[in-house]
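Subject: Structure handover

Hello,

Here is the structure we talked about, with notes on what was found in it. Please read the notes with the model open beside you.

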Amino acid sequence: MLNPRIKLRHLQAFLEVAKRRSFARAADSLAITQPGISKAIRELEESVAAPLFERTPQGVALTQAGLTLLRHAGPALRALEEGVGAASAAQGGGEWLRVGALSTVESQLLPRAILRWQASLDAPESGVKVVTGASAYLLSQLRAGELDLVVGRMTEAREIHDLTFEHLYYEPLLLVVRAGHPLAGVAPLPAERLSELAWVLPPPQTTLRQRVDSFCVRHGLGLPGRRLETLSLPISRRYTLDSDALWVAPREAVADDLAAGLLAELALPLEAQGGSVGFCRNASLQPSLGLEAFCEALREAAAQHR
């Protein structure tokens, strides 16, 4: 039985501090005073008879007891939210999902799946909140119950281990340049020629960057001094079209520009098969009917994508 001293506000405060790693930022986010959030955490620690946070130079960090509580509190609150949402939907309310998206699916797969999902619903209101970012961040949000689903290429994501992953298709990274580029059409293309260019590539500590690093090791290349590191597809595209830069891009992100002749793929494969694109779910959460329908929309959109 849940300790009657533990209230919803205690768990909300705990999750917000864990997310923000700061009492002050958590207080701002919840629109309460910092003494108020400190009091809530102190009362929660007294109820569980264990410290939940410790101070570090970077802010506050979860203790082992805090990590244990986080694994359960996030999904529990999410389940409560789903129950409230289901009750609202039963009275004619809408269906809302929170989806984490990696850059590998932003251009085609995810937009098509959202359109399919919304077209299949009878609810007068239906929406998807899409959160973008690196896989480590998005999967941590999924684990904490802040997201319903994470979609993208996650073959090498170490953070998947306690989540469920469903494979949809394989998606390679390509080396692309603007049309008319001096290296466009050069075949065979010696790998050392790439060192002459500025590179647009994923940031360090991302799964896509690991593939780039492996490519460089295989070909004895060092990263050039001139490079743009970003997960933003619009910034990467514009920079590449307006310069002689080399863009390490997911095939989905550049397929339309390749077909239109705006970009050209270099005659040097970065990887043979590509990585596994699919979606992750938190097995500790009971999926709603809306989430199940969205997963089916992803499968249908993926079948067309292949």
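Phe23 and Phe53 are both buried, where buried means under 20% relative accessible area, exposed over 50%, and partly exposed in between (1.4 Å probe, protein chains only). Their ring centres are 6.0 Å apart and the planes stand at 70 degrees, so this pair is edge-to-face. For the terms: rings of Phe, Tyr and Trp (its six-membered ring) pair if their centres lie within 6.5 Å, with planes under 30 degrees apart counted as stacked, over 60 as edge-to-face and the rest as tilted. Because Phe23 is in helix α2 and Phe53 in strand β1, the pair ties together parts 30 residues apart in sequence. Helices (H or I, at least four residues) and strands (E, at least two) are DSSP runs, numbered from the N terminus.

Before going further, two sentences on the source. This is a predicted model, in which local features need pLDDT of at least 70 and side-chain atom pairs count only at pLDDT 80 or more, while totals for chains, interfaces and linings use all residues. Residues are numbered from 1 along each chain as its sequence is written, and side-chain values use heavy atoms, with hydrogens and water left out.

Aromatic rings

The count of aromatic pairs is three. Phe14, Phe23 and Phe53 make up one aromatic cluster. Elsewhere, the rings of Trp117 and Phe294 have centres 5.8 Å apart and planes at 80 degrees, so they too are edge-to-face. That pair links distant parts of the chain, with Trp117 in helix α5 (residues 109-120) and Phe294 in helix α10 (residues 289-305), 177 residues apart. Trp117 is buried at 0% relative accessibility, and Phe294 is buried with a relative accessible area of 0%.

Helix α2

The buried residues in α2 (residues 23-30) include Phe23, Ala26 and Ala27. They span an arc of only 100 degrees around the axis, which puts them on the same side of α2; the arc is that of the directions from the helix axis to the C-beta atoms. An α-helix has 3.6 residues a turn, so residues three or four places apart point the same way. Among the elements covering the buried residues of α2 are α1 (8-20), α3 (34-48), β1 (53-56) and β2 (59-62), with contact meaning heavy atoms within 4.5 Å.

At the start of α2, a side-chain oxygen of Ser22 comes to within 3.3 Å of the backbone nitrogen of Ala24. A polar contact is a pair of N or O atoms within 3.5 Å; within protein, one must be able to donate a hydrogen and the other to accept it, and residues adjacent in sequence count only if both atoms are side-chain atoms.

Helix α8

In α8 (residues 233-241), the buried residues are Leu233, Ser236, Thr240 and Leu241. Seen down the axis, they fall within an arc of 120 degrees, so they line one face of the helix. They pack against β7 (173-178), β8 (199-201), β10 (246-250), α9 (251-260) and β11 (263-265). Ser232 caps the N-terminal end of α8, with a side-chain oxygen 3.3 Å from the backbone nitrogen of Ile235.

Nonpolar cores

A nonpolar core is a set of buried Ala, Val, Leu, Ile, Met, Phe, Trp, Tyr and Cys residues joined through side-chain atoms within 4.5 Å. The largest has 23 residues, of which Val105, Leu109, Leu110, Leu149, Val151, Phe294 and Leu298 touch the most other members. Helix α10 supplies the largest share of this core, seven residues. Leaving aside neighbours within four places in sequence, Leu298 is in contact with Leu109, Leu110, Ala113, Leu149, Val151, Leu168 and Phe279. Another core, of 22 residues, lies apart from it and includes Ile6, Ala18, Leu44 and Phe53.

Cysteines

How many disulfides are there? The count is zero, a disulfide being a pair of cysteine sulfur atoms within 2.5 Å. The sulfur of Cys295 is 11 Å from the closest cysteine sulfur, in Cys280, too far for a bond. Cys280 is buried at 0% relative accessibility, and Cys295 is buried with a relative accessible area of 0%.

Backbone

Most residues other than glycine have a negative phi, and most peptide bonds are trans. Ala187 and Pro188 are joined by a cis peptide bond, with omega about -5 degrees; Pro188 is in the loop between β7 and β8. Arg21 has a positive phi near 60 degrees and sits in the loop between α1 and α2. Gln205 has a positive phi of about 70 degrees, and is exposed, with a relative accessible area of 73%.

Regards
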